[in-house]
Amino acid sequence: LSLIIPFCFNDIMACTIFCAKDHNGNVWAANNEDGSFTFYNYINVFPKTEDTKYGYFTFSYYSPKNGFGGGVEGGVNEAGLFYDFNFIDRKPVKDLKKKKPFPKGDDAILTYLLGQFSTVEEVVAFFDNYWFKMGFTSAQMHVADKFGKFAMISASGSRILENAPYQISTNFDICGNEDGSSCWRYPIINEKLNIGLETNSIGNDLFTEICDETAVKGRYSNYTMYSNVHNLNTGEIWFYFTSDYTNPYKTSISELLSKGRKSYLIKDLFPDHPLTKLHNTYEAKGGVEAFKEFRSLELSDERKEEIASIFVNSLLTDNYDITLLPFLEEHLKTNPYGYWKRALRAVLYHQKGNIEKAISIVKDYQQKVPKTNLDVEGILELFQGNFKEGNNIIIELNGHEDAQQVFVKGLPVNFNFLVRKNNKWIGKYDLPNGIYDYSFIVDGKEVLDTKTPVKRIPSSFEVDTFVFTHQLALGYTQEVYRIKIKVAVPNTDDIVYIVGDQDNLGGGSPVLRMKKTSDNEREIELELHYPARFKFVDSFWKKEAVMYDDVGTSDNEYPLVIDDGIGKVSFKIKDWKER
């Protein structure tokens with residue numbers, strides 16, 4: 001259901017990272033990988049080449065391709081250099097005017113560090129000189145090396161700890177001097193590391209225990225996907241998969257490198273893990289067989305609820321596969337009341353053809369939770385095939401008359417299931433002006449309509465990969481145009497970002513840095529729909545440009561407009577004003 005799925009808070013997305021020195025001088029580092037659960041996490045191994053000093057491996061989500069571009073989630077090299085990232089609130093980049101874009105490009109930075117550097121000081125020095133053209137303003141990098149030095153790097157700056165016994169990072173901006181004591185993980189790690197130092201017990205057992213106690217196990221429906229513990233001096237590595245901290249996959253970086261350039265799906269390293277078994281069954285035979293296997297598992301009630309929750313939150317809410325309904329039923333037996341999962345249950349029964357049960361689920365829930373946020377009237381009308389008057393957009397899927405269930409994916413609507421009318425699947429929605437990419441989910445599989453134009457756009461999940469989608473442009477041209485926008489600046493050191501009302505204009509966030517073509521000129525080339533509305537800001541939108549000729553003084557959020565090739569594409573900034 002599009003029923004907007006609950007927001008993932010910072011402390012869920014943060015990842016827990018910590019490192020410490022043991023009494024023998026070995027340096028240990030560990031990470032819990034938190035976030036929206038996916039089964040597709042990879043270890044990507046890169047042996048040493050003529051162009052690199054060291055072999056290394058990276059972690060990535062969704063695809064191995066993300067393991068050698070801007071999508072790297074963390075990594076370790078054979079020289080004993082470790083880094084990983086915490087999610088934090090977005091910050092302005094300190095001293096950005098003094099830093100240069102990396103000549104090889106943003107996507108080369110994270111793997112370059114692992115391939116060329118062996119020390120914390122080298123990494124910090126790199127970021128003193130270079131910064132990303134885009135990104136790295138809502139994350140911090142936790143760095144450690146086998147020589148016992150630790151560092152943090154974020155948009156707020158950097159620090160090196162040369163003689164500290166340990167370093168901890170979660171979801172607070174350390175270089176921005178934020179206080180992490182309110183984070184539930186921080187005091188647990190802090191106390192255990194101090195005890196470990198006093199008792200000479202820093203090592204894998206203690207680090208595994210800390211990973212276990214700080215793992216996200218169902219908080220806001222999320223789970224720690226995997227954990228990793230490293231001895232940076234010996235190269236030993238222990239991997240753990242989703243809540244199982246008694247059965248590690250033990251290896252070493254030298255062993256991984258000896259097998260050559262490979263990418264490993266982390267779940268495949270744990271063939272006996274119940275989640276791996278069930279997910280493999282689901283992929284091979286579907287949800288019905290997976291649930292039969294689930295019922296036969298000899299696990300605690302707590303572990304079975306965890307598995308049901310993961311299947312619901314990571315699979316069912318992604319593809320709406322009706323064969324996963326039994327997992328939802330199992331999950332709802334113990335899950336506290338939440339309207340969106342109850343509504344999803346009702347919708348799945350509706351699409352199975354059991355309209356009476358779908359209606360009874362909604363009404364029963366309304367009776368138990370009278371002040372629910374669920375649009376009860378709206379969903380009950382849809383169950384009867386009735387759309388609200390005044391809806392301005394009709395979405396149709398041609399063919400698939402025999403499908404059991406159809407959803408539209410990508411539209412910001414409360415109820416995204418389609419209704420069968422006159423041998424067609426139809427949805428009617430009230431959408432504001434905007435540009436929407438959408439597709440259909442038919443019986444758990446993503447499909448496109450045969451009579452609707454298809455666009456090819458870059459994937460949000462995989463680098464150098466494109467997806468095919470339908471695109472709905474309301475208030476804009478359906479076509480896109482390549483536009484080169486130029487701006488003259490008053491100061492030679494001005495760094496200019498462009499923000500606007502389209503995704504290709506940053507979607508309202510200052511992530512698109514304009515190229516410096518001369519001391520007082522900046523430019524950027526983008527593919528945009530008309531009208532393109534935008535303005536110029538600094539790196540964190542603390543300042544906005546004041547334009548000549550009174551341009552930019554209106555009350556519109558984005559006062560500069562290029563419409564159908566009419567009007568100028570070159571602008572001149574007079575001054576900057578505080579936002």
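What pLDDT does the protein average, and what share of the residues score at least 70? This is a predicted model, and its average pLDDT is 90, with 94% of the residues scoring at least 70. The stretch to be careful with is residues 2-12, where pLDDT stays under 50. The model still has 38 contacts beyond four places in sequence for that stretch. Where pLDDT is low, the predicted coordinates should not be read in detail.

Let's turn to helix H4, residues 185-198. The buried residues here are Arg185, Ile189, Lys192, Leu193 and Gly196. They sit on the same side of H4, because they cover an arc of only 100° around the axis. On the face of H4 turned away from the buried side you'll find the exposed residues Glu191 and Glu198. After the helix comes asparagine 200, with a positive phi near 55°.

Next up is helix H7, residues 274-285. H7 has 12 residues and reaches 16 Å from its first C-alpha to its last, close to the 16 Å expected. Which of its residues are buried? They are Pro274, Leu275, Thr276, Leu278, His279, Thr281 and Tyr282. The cover over them includes strand E14 (236-241), helix H8 (287-296) and helix H9 (301-319). Just after H7, glycine 286 takes a positive phi of about 100°.

Now for the rings. A pair of aromatic rings is described by the distance of the centres and the angle of the planes. The count comes to 40 aromatic pairs in this model. One of them joins tyrosine 282 and phenylalanine 311, edge-to-face, with 6.4 Å centre to centre and 75° between the planes. This pair links distant parts of the chain, since tyrosine 282 belongs to helix H7 and phenylalanine 311 to helix H9, 29 residues apart. Both tyrosine 282 and phenylalanine 311 are buried.

For a stacked pair, look at phenylalanine 291 and phenylalanine 294: the centres are 5.5 Å apart and the planes make an angle of 25°. Elsewhere, ring pairs link Phe102, Tyr112, Phe117, Phe126, Phe127, Tyr130, Trp131 and Phe132 into a cluster.

On to the loops and their backbone angles. Most residues other than glycine have a negative phi, and most peptide bonds are trans. Tyrosine 320 isn't a glycine, yet has a positive phi of about 55°. Tyrosine 320 lies in the loop between H9 and helix H10 (325-332), and is buried, with a relative accessible area of 6%. Histidine 400 is another residue other than glycine with a positive phi, near 55°. Histidine 400 sits in the loop between strand E17 (393-397) and strand E18 (406-409), and counts as partly exposed at 34% relative accessibility.

Where is the cis peptide bond with an omega of about -5°? It joins tyrosine 530 and proline 531. You'll find proline 531 in the loop between strand E29 (521-528) and strand E30 (532-537).

Last stop: leucine 505, in the loop between strand E26 (497-500) and strand E27 (512-513). Is leucine 505 buried or exposed? At 0% relative accessibility, leucine 505 counts as buried. Leaving aside neighbours within four places in sequence, its contacts include Ile498, Val499, Leu512, Leu526, Leu528 and Phe534. Lysine 535 is 30 residues from leucine 505 in sequence and 9.7 Å away in space, C-alpha to C-alpha.

Terms used. Residues numbered from 1 in each chain as written. Predicted model: local features only at pLDDT ≥ 70, side-chain atom pairs only at ≥ 80, totals over all residues. Heavy atoms only, no water. pLDDT = per-residue confidence, 0-100. Contact = heavy atoms within 4.5 Å. Helix = DSSP H or I, 4+ residues; strand = E, 2+ residues; numbered from the N terminus. Expected span 1.5 Å × (residues − 1). Buried < 20%, exposed > 50% of the residue type's maximum accessible area, 1.4 Å probe, protein only. Arc of directions from axis to C-beta. Phe/Tyr/Trp six-rings, centres within 6.5 Å; stacked < 30°, edge-to-face > 60°.
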